[in-house]
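Thank you all for coming. I would like to walk through one structure with you this morning, slowly enough that anyone who has not seen it before can follow along on the screen.

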Amino acid sequence: MIVAMQDEATEQHIQDVIERMVELGFNVHRTTGAEQTILAGVGTPAHFDVVEFKVLPGVYDAYRISSPYKLAGKNFRPEGTTIAFANGVVVGGPEIVVMAGPCSVESREQILLSAKLSAAAGAKFLRGGAYKPRSSPYSFQGMGVDGLKLLREVADATGLLVITEVMEISQIEVMIPYIDCFQVGARNMQNFNLLRELGQARKPVLLKRGIAATIEELLLSSEYIMAGGNYDVILCERGIRTYETSTRNTMDIAAIPVVHKLSHLPIVGDPSHGTGRRDMVPPMAKAAVAAGADAILVEVHPNADKAVSDAAQTLYLDQFEKLMGELRVIAAAVGRTL
């Protein structure tokens, strides 16, 4: 940590800051120039809040020079993390994995047709919500356990893996027999009690970025899961809220290379939630692959216009099939497969 003192800071101000840094476990190196004193704290204290120093008397500014996330940081696994699943699918390796399916499980016929055609086009995961967090309490909330059973049944029949959203702690044990990967939605990115419990679950977790979260906050949330011993975490860029109103969210493509620079964890691009518009899903999916995404999460439905939830951002199956062909070309161009 670096603490820059104000020009008019007294010697007592400086000594008070030094004492607090030493209390936390820093070795302090002081540099006093003609007008300003700089204090460099070297060491790895377990916990400290840089804001505490910003408000101390005589301090001009204070900032970290190392990341507050240790397990999610690049230094923990410089070679990168790969997450292997039961059927040989690996997220974080040379192959870009596609996760496809409807927003919600609505019926056996709907989810079975979605699974068959998604698998035929090259998807490796079947996505679909059994429990649905909706902004309105009057919207469809999902089929619950019956939806989980349908996901497992049709995924097994089509050779797919299952990823679906967990909304609360009580659902974890219920979901484990039916799923291959938990999904934590944007609304729960900072539900720290849920994240702690998922750290004990020993199944991979896909963690979506919150609608107003910074990349550092996303990585700190992943730290909660990893601190519990579950290192199989996949991050997801799904769009953030900005001033722009042309799309449902603003998909931050730049987050993908930034995450790869800061963290060893694989990252998924979700162009469906990233834009909220069917016509924009294919170009943003292609942009995510070009930017280095390790997987793509896409909403697909056999009758997209009549989907119970997220109809406006859901691809028809023929659109998805066309997109898969285009993504293979881009993947090859960046030295990967799909």
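Predicted model: local features only at pLDDT ≥ 70, side-chain atom pairs only at ≥ 80, totals over all residues.

Now let me step back to the whole chain. It has 338 residues, of which 51% count as buried, and it contains 11 helices and 14 strands. Taken along the principal axes, the C-alpha atoms fill a box of roughly 75 × 40 × 40 Å. If we take the contacts with a separation of 6 or more, residues 24 or more positions apart account for 67% of them.

Next, please look at strand S10, residues 181-184. Which residues point one way from this strand, and which the other? Cys181 and Gln183 point one way, Phe182 and Val184 point the other way, and all of them are buried. S10 pairs in the parallel sense with strand S9, residues 161-165, over 3 bridges, and within that pairing Cys181 is the bridge partner of Ile163. S10 is also joined by 3 bridges to strand S11, residues 205-208, again running parallel, and there Gln183 stands opposite Leu206. Together with helix H6, residues 192-198, the strands S10 and S11 make a right-handed β-α-β unit.

As general background, nonpolar side chains tend to be buried together in soluble globular proteins. As for Leu235, once we leave aside its neighbours within four places in sequence, its contacts include Leu207, Leu218, Val259 and Ile267.

Let me turn to helix H4, residues 145-158. At 1.5 Å a residue its 14 residues should span 20 Å, and because its end C-alpha atoms are 20 Å apart, the two values agree. Its buried residues include Gly147, Leu148, Leu151 and Val154, and among the elements covering the buried residues of H4 are helix H3, strand S8, strand S9 and helix H5. Just after H4, Gly159 takes a positive phi of about 75°.

Finally, a residue from one of those covering elements: Leu112 has its place in helix H3, residues 108-121. Why does Leu112 count as buried? Its relative accessibility is 17%, and the cut-off for buried is under 20%, so Leu112 counts as buried. The C-alpha atoms of Leu112 and Glu153 are separated by 8.7 Å, although the two residues are 41 residues apart along the chain.

I will stop there and take questions.

Key. Residues numbered from 1 in each chain as written. Heavy atoms only, no water. Buried < 20%, exposed > 50% of the residue type's maximum accessible area, 1.4 Å probe, protein only. Helix = DSSP H or I, 4+ residues; strand = E, 2+ residues; numbered from the N terminus. Pairing = 2+ DSSP bridges. Right-handed = clockwise from strand over helix to strand, strands pointing away. Contact = heavy atoms within 4.5 Å. Expected span 1.5 Å × (residues − 1).
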